[in-house]
Structures are given as structure tokens and as C-alpha cells.
Amino acid sequence: MPKIRRSSLWLTLTSALAIGLLVACAQPTAEPAAPVEPAGPAEAAPTAEPVQPAEPAEPSTLTVLEWAYYEVPEMWVEFGQEHPEVEVVFNFGASDADIFAKTLAGSGEDILHFYTPYLQFYVDEGLIQPIDTSKMENWDKVPAGFADSCTVDGVVYCVPWDWGFTSILYRTDMIPEGIDSWNALFDEKYAGHVSMWDDGPVGAVPIASVVRGYDPSNLTPDQLEEIKQMWIAQRDVNTFYWVDEPTLEEGFKSGEVWLAYAWNGAYYRLLAEGLPVEYAEPVEGRESWIGQYSISSGTENYDLALAFLDGKLGEQTATRLLVDYAYGHVVPDYYSVVEDANLIKALSLDDPTILNRTNFTVAISRDEHDIYSQMWAEVKAAP
Amino acid sequence: MAIYSLRPDMRGGLFTLDWTPTLKHYRTILEGEGYLPLLGTSVRVAFVVAALSTLLAYPVAYFLVFRAGKRAPLFLTLLIIPFWTSYLLRIIAWRIILRTTGLYALNSKVLLLDSFGAGEPLAIGLYRVTVIITLTYVWIPFVALPIYAGLQRIDRSLLEAAAILGSPPWRSFVRVTMPLSLPGVIAGFLMVFIPTVGEYVTPVLVGGSRSSLIGNIIQTFFGSGINWPLGSAMALIMLLGVLALTALVARLVDLRRFLE
């Protein structure tokens, strides 16, 4: 009997351990890039000196709702140099939807970073305020096309910063004939080796629209139904929907994925690793995205926030964005710093006409976003 | 969640009270072609996973209680050790084993799965099977523990009595051990069935384009879809469905005991 008692005790202990571990480990999240603790340079700066009682002002704080990896001081060099007394605190969002939902919930950061086409949603909800570009030294360096992406009804609501392409990334050893159309995502020839991004409104709807030649900003219900059927049928070709770039890149490396809807960062990384990949130039045009910063309507640090955004357009920050992260910066004057051949290729910096052949993300309303998301859910739920 | 499901949309902030209740999201779900059938599919997948993991866990628990002897604590520890690894890591490990290339090519030789074609992509429809295999693996230790506890509570003198009265071991198992361990089996089954209906990580990681479960659709509405009211309505329908099924199972089990 003592044996049984001992093993009962053992069972209880191991069960408790298992349940405890499970609770700790099983917080399922499909999102990539676990947010790290805010790590501004002010944390590392020496703060051990006691503050004199007579000292008039305490260092101020600026808060940014940001994507992971953009919090490093290299991504805001100029502001860090000009305002060493300001502590920049970063909170993180895992996706555009996440950042929008957090802002809606009143998370209260001074600055928000989001991507096209979300600007309109923030304007509609009154979550952001106009940018006083006259107070920005670097604003004039922003090309008109990028500035227009931040303008709603003649008012500038954001500062464009990072940009990149969306196109079909493919393995040249598996597809030696090359890819010249977005239609390849639907081609049965590649069944089991295609991977599409898991997104309806920004991913699936615009791509199917350009394939069919429809105006993505003005789709009729019949056209949308056709697009839905296209993606339902595409599931027999598609191996998996990717939600984060590391998963997609792993698919390419293992040989499972031959072609995919992809951003140019993945192209650059795989190219740098020596994988035989190419980034298509579809006849319908590449798609592209623009990252934008806005100042929240509830901020009490407007001038400081504006200075932060002005610094984002500075040369040192731009250089780090280009060289370290392989993403485009909106000011073309700085591109000459890039010497890495792979990076020049990934950003098509050697092709001055590439942007003329690129489709920029069209603005959509909240209603359209809801309808397109629902369509995408129906694609995934279809029997 | 019930209140949120009545909101028409998310305009005006997350916590505003300035809206008129509507049932339109329930209508969307009921009229949608795929949502309810997908709930049915999710229930079926959860049932298969729960049944498989219970079937596989029972011999493990039986061995621990009746055969392992002094080494039972050691084997129990071995059973628990996978919990020391992250849940996600275990699923990703299965992703490598089951997906088309990499280790799959090797495994297809070892496991004689050549009929799928080594190095060739699995038929997309088969990815639901990979989801079931992975989930079954994840749940086996969970189910084994309540069954283990149930078996341990059995009074050994009953088995001795059966043997003395001339019952062969298989009959003792069917007439004594099995019925007495049933509460543990049912508890283990439900412990797997209930969370598996809403599972969404495993289909994303090891599944393909055709292996979404209802949890993935709910996640879409709470994530990129930014449509929490519709997601809430769907989650509520799933919750009620699972509750009803669980109540039904509980009822059936009681009924059986009554008949015995």
C-alpha cells in the first residue's frame, strides 16, 4: 500500500507540474515577432546621478505604438541625437489590425505606425490629427506620390516612411521558365507548391482584381463573388496560407514552396542566403505597400512627436532602414548609400521606372474592409 | 461576448455604448454557406481526436497501473516530459515530420508511406489528417492522467475475486476494470474534445489551405478582419454547440450506468 500512496503523490505532483507547464506554455498565438520590452536608449543612458532638487524640468517621455524591431535606436538616430533627454517608450502591435484595435481601445500612444490602406480608418474614427508639415525640415524631400498617400481631403495626416514591393517570389530551379503574371498563384501546374498570404482585404482581393482586370477600388457584388470562387478553387493549389515571413521563408528553403505572394524583404533574405530565387515582374504590375506614421489626436506631446517624425526622414535613419532591414525609404536622395548588389536588386534601385509599373495599395472604406474580410473567411470555411 | 455579438459593427471605439442591438451577425452565420458545416467538421475532428487519444492513452495508463510495478514513477515522468517543451515547439516539430519535404521524405521510407509519394506534396485534402495526428499526439498524456487515476482507484481485491471465481483475464477486464475506469475515460475524452473544437493554432501550423477549423474563422474576425461582433457571435454559437454536446454525452453516460 505505501507504494500506491507514493505513486499517488507522484501522480499529484507530476499532474500539477504538467498543468502548470501547460498553462505557461500553451498560450497559442500564430502571430510572429513576440514583442520585446520597451528598449529606448534612455534606458541604457546613465541615470544614476541623483536629480538636483532645483532641477526645473524632468526628461519628457514620448510613446510610440510600433512594430517589433523598429524600436532599436538605429531606427530613430536623428531624434535620439537631438533629444537625448527624451525617453522614447515603445509598445508593440503584431499586425495592422492589432494596432488599429489597440488604438480604438484607447492605448494612448503619441505616435502610431501603420500601413496602407489603414489611414482612412484612423481618420474616420478621429484617432489621428493633421501633420503640420511646415514645421518639418525634411518634409520637402518626400516625393509627391508618397506625400499623396498621406493626404485625405487635402489634409496631410501622416508621414510616409518605409515602403516595399509585393510580388511573386519564386524558385528559379523549380520554375526555370519564370513567372510573368499574378495568375501563377492560381495555376494548377504548381499545385501543392504555392503559398498565399493569409489576408483578404489587402492581399487576396487586390490580387484577384488585377488578374481579372477589375478596378479594386470599385468592385461589384458579382465581381466579388467571382473573386471568392477563384480563391476557393485556389485552395487546391495552395499548400498553406502564410501568416509570418519566417514560415514562408522556411517553406522556400525546404523546397515545399516554389512560388508565393511575398514582400521584398523575404526576397532579399533568401537571396542573401544563396537560394536560387527571383522576384517576378508581373504584367499586371507589382503591388506595393507604404508604412506611415501618425500623431494621435489625444497626444500632449505634439511638437515632440513631430520632431520624432521629422527625424525619421533624416539620412542616418534612412540609411539604417535600407541597409539593415532591406526596406525602401521614401526619400530617394539617400539610395546612393546602398552598395550591396542583392539589396539593389531586391529594391529595384537600379530601375528608375519600376514605380511607374507598380500598383500602390488602393484606399478602401471600413465597409469594404468588413465585406472583404468576410469573403476571405468564407473562402477558408468553404467545404 | 454575448452582448458584443449584438453590436452592428466596431465604429465608435471598442467600448462605446452608442449602438442599437442587432441579430444580423447570427443571420450572417446561419445564411453563410460554410460556417455551420465547418462547425460540424470541427466537432467531427474533435471527436476523432478525442476518441483516438483516449484509445491510445488507455493502454499507457493500464500499463502504468498494472504492469509497470516499481518503475511506474519513472514511466510517468517520461510521459510528462514532453510538457517541458513548449506546445508550439511540439507542433512545429510535427510540421517538419509531416510536411512534404525535409524529414517527410525520410519518414515516408521508414513508415512505408510511399503511396503518398516521397518528396511529393501530400494531397491538400490530407492535411486535415496531419492536424488530427498532431492533436492526438499532443493530447495523449492529458487523457492518460485521468484514466491512470481512475484505474488506480480500482480495488485490486475485485480483480482477485474475479480470478478466483474463474474469470479469464480478458473477461475481468471487460466486466470489472473497464466499467470501473469509465469515469476517468469520459473525463479524459471531454478534456480533449472540448478544447479541440475551438483549436486554431495546429491547423495554421501543420494544416493546409483546406484544413481550417471554426477556431481559425473566429480568429480571422478577431484578428485581421477587425470584426469582433461577428467573431463573438460565432464563438457563442460554438460554445452553445459544445455545451449541448457535452450535456448529451453526460446524459448518455448516466443512462448507461442506470441500465447496468
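In strand E10 of chain A, Ala260(A) is the bridge partner of Ser195(A). The model is predicted: local features need pLDDT of at least 70, side-chain atom pairs count only at pLDDT 80 or more, and totals for chains, interfaces and linings use all residues. Residues are numbered from 1 along each chain as its sequence is written, chains are lettered from A and ligands numbered from 1 in the order in which they are written, and side-chain values use heavy atoms, with hydrogens and water left out. Helices (H or I, at least four residues) and strands (E, at least two) are DSSP runs, numbered from the N terminus.

Two strands flank the description of E10(A). Strand E8 (residues 194–197) of chain A runs parallel to E10(A), and two bridges join them. Strand E7 (residues 159–171) of chain A runs antiparallel to E10(A), with five bridges between them. Strands pair if DSSP finds at least two bridges between them.

Burial in E10(A) was examined next. Buried means under 20% relative accessible area, exposed over 50%, and partly exposed in between (1.4 Å probe, protein chains only). Five of the five residues of E10(A) (residues 259–263) are buried, so the strand is largely enclosed by the rest of the structure. Both faces are covered. Leu259(A), Tyr261(A) and Trp263(A) are buried on one side, Ala260(A) and Ala262(A) on the other.

The largest nonpolar core has 127 residues. A nonpolar core is a set of buried Ala, Val, Leu, Ile, Met, Phe, Trp, Tyr and Cys residues joined through side-chain atoms within 4.5 Å. Leu185(A), Trp231(A), Leu259(A) and Phe308(A) touch the most other members. Another core, of 65 residues, lies apart from it and includes Trp94(B), Val185(B), Phe221(B) and Ala235(B). In soluble globular proteins, nonpolar side chains tend to be buried together.

Contact means heavy atoms within 4.5 Å.

Chain B has eleven helices and zero strands. Of its 260 residues, 48% count as buried. Among contacts in chain B between residues at least 6 apart in sequence, 66% join residues at least 24 apart. Chain B exposes about 12800 Å², of which carbon and sulfur atoms supply 71%. Accessible areas come from the Shrake-Rupley method with a 1.4 Å probe; for residues, only the protein chains shown count as cover.

Helix H3 (residues 72–80) of chain B has Ala72(B), Leu76(B), Leu79(B) and Ile80(B) buried. These residues cover an arc of only 95° around the axis, which puts them on the same side of H3(B). The arc is that of the directions from the helix axis to the C-beta atoms.

Backbone exceptions were found in loops. Most residues other than glycine have a negative phi, and most peptide bonds are trans. Ser348(A), not a glycine, has a positive phi of about 50°. Ser348(A) lies in the loop between helix H13 (341–346) and strand E14 (358–360) of chain A. Its relative accessible area is 7%, and Ser348(A) is buried. Ile226(B) has a positive phi of about 45°. The loop of Ile226(B) lies between helix H10 (214–222) and helix H11 (228–259) of chain B. Ile226(B) is buried, at 2% relative accessible area. A cis peptide bond, with omega about 5°, joins Thr116(A) and Pro117(A). Pro117(A) lies in the loop between strand E3 (111–115) and helix H5 (119–124) of chain A.
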